[in-house]
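Subject: Structure handover

Hello,

Here is the structure we discussed, with the sequence. My notes on what was found in it follow below.

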Amino acid sequence: MPQINGQFTLFTADEFKNYLEQTEFSRKIDKIQNHHTYIPNYTHFLKDNPPNHFKWLNSMKTSHLQRGFSDIGQNLTTFPDGTVALCRSMEKTPAAIKGANTGSVAIEHLGYFDTGQDDMTDAHKD
């Protein structure tokens with residue numbers, strides 16, 4: 001059963017697959033925007049035992065609100081342990097790339113994936 005905390009819904013990979021298969025979306029989506037975090041990165045995420053997904057989701061939302069967004073920018077966030085969070089309704093246009101959000105779904109991958117930084121786990125890739 002997905003975990004819910006405020007506006008955020010946290011799914012296992014299988015739960016998210018079921019959500020996608022069972023949900024009909026009315027908004028046309030023809031682009032995927034892939035983003036990654038600088039902070040938090042894998043080191044930050046793994047310091048919590050067990051990992052505190054909702055802490056990081058709320059932190060991202062706070063950061064976006066402080067920068068003038070009306071809400072968290074991304075529709076989805078993925079995590080090193082393979083979980084996926086629904087952050088902003090899939091029916092809502094993301095606030096991720098100025099001038100290029102219409103028709104997009106924005107996915108934020110927790111981790112710093114510039115060369116020489118975090119190596120994405122297999123669970124995260126899946």
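A residue is called buried here when its relative accessible area is under 20%, exposed when that area is over 50%, and partly exposed in between. By that cut-off, 42% of the 126 residues of the protein chain count as buried. Please bear in mind that this is a predicted model.

Overall fold

The protein chain contains four helices and six strands. In sequence order they run β-β-α-β-α-α-β-β-β-α. The radius of gyration is 14 Å, close to the 14 Å that the globule rule gives for 126 residues, so the chain is as compact as a globular protein of that length. The C-alpha trace spans about 40 × 35 × 30 Å along its principal axes.

Among contacts with a separation of 6 or more, 64% are between residues 24 or more positions apart. The chain exposes about 7,400 Å², and carbon and sulfur atoms supply 50% of that area. As for charge, there are 12 positive and 15 negative side chains, with the centres of the two sets 10 Å apart.

In soluble globular proteins, nonpolar side chains tend to be buried together. In this model the largest nonpolar core has twelve residues: F8, L10, F45, F54, W56, L57, M60, I72, F79, A85, C87 and L110. Strand 2 (8–11) and helix 3 (53–66) are the elements that give two or more residues to this core. Helix 3 gives the most, with four residues.

What does W56 touch, leaving aside its neighbours within four places in sequence? W56 is in contact with P40, H44, F45, D48 and L110. Of these, F45 and L110 are also listed in the largest core.

There is also a second, separate core of nine residues, which includes Y19, L76, V84 and M90.

Cis peptide bonds

Two cis bonds are worth checking on screen. One joins I39 and P40, with omega at about 5 degrees. P40 sits in the loop between strand 3 (31–36) and helix 2 (42–47), and is one of the contacts of W56. The other cis bond runs from N49 to P50, with omega near 5 degrees. P50 lies in the loop between helix 2 and helix 3.

Two positions towards the ends of the chain

N5 belongs to strand 1 (residues 3–5). F54 is itself a member of the largest nonpolar core.

A123 is in helix 4 (residues 122–125). With a relative accessible area of 35%, A123 is partly exposed. A123 touches P80, D81 and G82, again not counting residues up to four places away in sequence. From A123 to P80 the C-alpha separation is 6.5 Å, although the two are 43 residues apart in sequence.

Regards

Notes
Residues are numbered from 1 along each chain as its sequence is written. This is a predicted model: local features need pLDDT of at least 70, side-chain atom pairs count only at pLDDT 80 or more; totals for chains, interfaces and linings use all residues. Side-chain values use heavy atoms; hydrogens and water are left out. The radius of gyration is taken over C-alpha atoms; the globule rule is 2.2 Å times the number of residues to the power 0.38. Buried means under 20% relative accessible area, exposed over 50%, partly exposed in between (1.4 Å probe, protein chains only). Contact means heavy atoms within 4.5 Å. Accessible areas come from the Shrake-Rupley method with a 1.4 Å probe; for residues, only the protein chains shown count as cover. Lys and Arg count as positive and Asp and Glu as negative; His and the chain ends are not counted. The place of a charge is taken as NZ of Lys, CZ of Arg, CG of Asp or CD of Glu. A nonpolar core is a set of buried Ala, Val, Leu, Ile, Met, Phe, Trp, Tyr and Cys residues joined through side-chain atoms within 4.5 Å.
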